[in-house]
Amino acid sequence: RISQPEPAPPWSIVYATGAAVGAFAAILIGTTISSLFGEQTPFRIALSWIIGMTLIALYITLARNRREADGRAMGLLQPVPRWLLIVLFSFGVGVALDLLSLFVTGTPSVVAEFAPLFNGPAGPGIGENLTTWLMLGLLILVFQPVAEGLVFRGVAYPALRATLGPWQGFVMAAVWHGIFHLVAYSTPGQGDLVTWWYTLLLPILCGAFIGGVRAYTGSTQASIFAQMGLGLFFIARALTLVG
């Protein structure tokens, strides 16, 4: 179904690019807001990301989901088939990606989400700060899937496919997903294999899988459930690493 073309959305590739850039800008805005209240603790970092994801989700919803044509092009009006099965299947895909990460880097894939917050899955206080765990859970299970789903599968996905072609647009949407995480997660000066894997390559693979769910179902909401399933695995994997 990836190869099947679909009608062009009522927005351009320029608008889709602006939405992707705006997603990163929203993270910066959230970080700035949280920094006004003191030092950047793991809790405040998670809070800043939640603020940023909320801002970009509100913008896309208010700016692009006002007409039926917008909602249909974004894949928001299509029914979500077997959402629980999608979540469970995505959890299994998370297991497969974790095994692949262990093979490639020797480290579990959970660090892709937890390293920016805790300096590694065994960082200080990760098993003690329940509030931070709850904030992280909300981020990974709710705010991140919704915001990234609206931007990359709702706005960018149909625009890229209409401009570049079905397969080329599908691949580029996954690459955009990876670049977003590279910019958000990477630390300047680090360029080893582990860093590139967790900040770019693994997010591209995740983006390809989530985009595949979008292509198969025609529903952005289904792709959001798929990302929730991956996030559920990341949290479960992190719990196995806490002493």
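The legends below describe close-up views of a predicted model.

Residues are numbered from 1 along each chain as its sequence is written. In this predicted model, local features need pLDDT of at least 70 and side-chain atom pairs count only at pLDDT 80 or more, while totals for chains, interfaces and linings use all residues; side-chain values use heavy atoms, with hydrogens and water left out.

**View 1. Overall fold of the protein.** The protein has nine helices and zero strands, where helices (H or I, at least four residues) and strands (E, at least two) are DSSP runs numbered from the N terminus. Along the sequence the pattern reads α-α-α-α-α-α-α-α-α. Of the 243 residues, 49% count as buried; buried means under 20% relative accessible area, exposed over 50%, and partly exposed in between, with a 1.4 Å probe and protein chains only. Accessible areas come from the Shrake-Rupley method with a 1.4 Å probe; for residues, only the protein chains shown count as cover. Among contacts between residues at least 6 apart in sequence, 77% join residues at least 24 apart, a contact being heavy atoms within 4.5 Å.

View 2. A nonpolar core is a set of buried Ala, Val, Leu, Ile, Met, Phe, Trp, Tyr and Cys residues joined through side-chain atoms within 4.5 Å. The largest one has 42 residues, and Ile56, Ile60, Met74, Val151, Val155 and Trp176 have the most contacts inside it. Two or more residues each come from α1 (13-35), α2 (42-64), α6 (130-164), α7 (166-185) and α9 (220-241). Helix α6 gives the largest share, 14 residues. Another core, of 15 residues, lies apart from this one and includes Cys206, Phe209, Val213 and Phe234. In soluble globular proteins, nonpolar side chains tend to be buried together.

**View 3. Surroundings of valine 155.** With neighbours within four places in sequence left aside, valine 155 is in contact with Trp11, Tyr15, Ala16, Ala19, Ile60, Met74 and Leu150. Three of the residues in this view, Val155, Ile60 and Met74, are among those with the most contacts inside the largest core.

**View 4. A nonpolar patch on the surface.** Ile29, Ile33, Leu36, Phe37 and Leu55 form the patch, with about 500 Å² of accessible area together. Patches are made of residues with over 30% relative accessible area and no salt bridge; like charges are joined within 9 Å and nonpolar side chains (Val, Leu, Ile, Met, Phe, Trp, Tyr) within 5 Å. Isoleucine 33 is found in helix α1 and is partly exposed, at a relative accessible area of 33%.

View 5. Glutamine 227 is placed in helix α9 and counts as buried at 8% relative accessibility. Beyond its neighbours within four places in sequence, glutamine 227 is in contact with Gln144, Pro145, Glu148, Gly149, Arg153, His177 and Ile210. Methionine 228, also in helix α9, is partly exposed, with a relative accessible area of 22%.

**View 6. Aromatic pairs.** Six aromatic pairs are found in the whole structure. Rings of Phe, Tyr and Trp (its six-membered ring) pair if their centres lie within 6.5 Å; planes under 30 degrees apart count as stacked, over 60 as edge-to-face and the rest as tilted. Phenylalanine 89 and phenylalanine 209 form a tilted pair, at 6.0 Å centre to centre and 45° between the planes. Phenylalanine 89 lies in helix α4 (residues 83-105) and phenylalanine 209 in helix α8 (residues 193-217), 120 residues apart. Phenylalanine 89 counts as exposed at 55% relative accessibility, whereas phenylalanine 209 counts as buried at 17%. Ring pairs also link Phe91, Phe233 and Phe234 into a cluster.

**View 7. Salt bridges.** The structure holds five salt bridges, each a side-chain nitrogen of Lys or Arg within 4 Å of a carboxyl oxygen of Asp or Glu. In one of them, glutamate 6 and arginine 161 have their closest N and O atoms 3.3 Å apart. Glutamate 6 lies in the segment before α1 and arginine 161 in helix α6, so this pair ties together parts 155 residues apart in sequence. Arginine 161 is buried, at 6%, and glutamate 6 is partly exposed, at 29%. Aspartate 98 and arginine 237 meet at 2.9 Å, N to O, and both are buried.
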